[in-house]
Amino acid sequence: MTMKSGLCKFALTAHITSSVGWIGAVVAYLALVVATQTSQDAQTVRAAFIAMEPIIRFALVPLAFASLLSGLIMSLGTPWGLFRHYWVVEKLLLTVLATRVLLSQLEPISYMARIAADPSTDLGRLGAVANSSNPGSACWCCS
């Protein structure tokens, strides 16, 4: 079943907007990760950890699901199909994998934000807690 032209254009616009928005939110999130790993200013590190939680909850997760859903709609409602071309399947698998990784990091990020929000927590504790989840990792986000 193929969509009518107007609906197809709307779905394509929604898919491109959500996908590009997701990339932009990831860039913003990564900037905060860099700030937590490189800054020596406790207030900057605290603020970055606290800002990560709303970015992931209110930007990254909704945009990931919007991209996934609009991509499925586009593949099922256009001649491209879901399984007719290898690149459509690859995009779907990559989006599902990225969304799953994102969802697995919700709780650790919320935990770090709660620790950072406590004014009695010192910068050393933030770094120790962040790296304690995977001692071999140089960065808490890669654990």
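**Figure 1. A polar contact joins the side chains of Asp-118 and Ser-120 in this predicted model.** The two side chains are separated by 2.9 Å at this contact. Asp-118 belongs to the loop that runs between H4 and helix H5, the latter formed by residues 123–132. With a relative accessible area of 34%, Asp-118 is partly exposed, because its value falls between the 20% limit for buried residues and the 50% limit for exposed ones. Arg-46 lies 72 residues away from Asp-118 along the chain, yet the C-alpha atoms of these two residues are separated by 9.0 Å.

**Figure 2. Helix H4 has a span that agrees with expectation.** Several residues of H4 are buried: Leu-106, Ile-109, Ser-110, Met-112, Ala-113, Ile-115 and Ala-116. H4, which covers residues 106–117, is also one of the elements that give two or more residues to the largest nonpolar core, which has 19 residues.

**Figure 3. Helix H2 bends at Ile-56.** H2 extends over residues 42–77 and has 36 residues. The distance from its first C-alpha to its last is 51 Å, close to the 52 Å expected at 1.5 Å a residue. The bend at Ile-56 is about 40°. Ile-56 is also among the residues with the most contacts inside the largest nonpolar core.

**Figure 4. The largest nonpolar core has 19 residues.** Those with the most contacts inside this core are Tyr-29, Phe-49, Met-52, Ile-56, Leu-60 and Leu-102. Three elements, H1, H2 and helix H4, each give two or more residues to the core. H2 provides the largest share, namely eight residues. Which residues does Leu-60 contact, once its neighbours within four places in sequence are left aside? They are Trp-22, Ala-25, Val-26, Tyr-29, Ile-55 and Leu-102.

**Figure 5. Leu-102 is a buried residue of helix H3.** Helix H3 is made up of residues 86–104. Leu-102 counts as buried because its relative accessibility is 12%, and the limit for this class is under 20%. When residues up to four places away in sequence are not counted, Leu-102 touches Trp-22, Ile-56, Leu-60, Val-61 and Ala-64.

**Figure 6. Val-26 and Thr-36 are both found in helix H1.** This helix covers residues 5–38. Val-26 is in contact with Leu-60. The C-alpha atoms of Val-26 and Ile-55, which are 29 residues apart along the chain, are separated by 8.8 Å. The side chain of Thr-36 makes a polar contact of 3.5 Å with the side chain of Gln-37.

**Figure 7. The whole chain contains five helices and zero strands.** Read along the sequence, its pattern is α-α-α-α-α. The chain has 143 residues, of which 34% count as buried. Among contacts with a separation of 6 or more, 66% are between residues 24 or more positions apart. The accessible surface of the chain comes to about 8600 Å², and carbon and sulfur atoms account for 71% of that area.

How values were computed. Residues numbered from 1 in each chain as written. Predicted model: local features only at pLDDT ≥ 70, side-chain atom pairs only at ≥ 80, totals over all residues. Heavy atoms only, no water. Helix = DSSP H or I, 4+ residues; strand = E, 2+ residues; numbered from the N terminus. Expected span 1.5 Å × (residues − 1). Bend = angle between axes of the 7 residues up to and from the residue. Polar contact = N/O pair within 3.5 Å; in protein donor to acceptor, adjacent residues only side chain to side chain. Core = buried A, V, L, I, M, F, W, Y, C linked by side-chain atoms within 4.5 Å. Buried < 20%, exposed > 50% of the residue type's maximum accessible area, 1.4 Å probe, protein only. Contact = heavy atoms within 4.5 Å. Areas by Shrake-Rupley, 256 points an atom, 1.4 Å probe, with all protein chains shown as cover.
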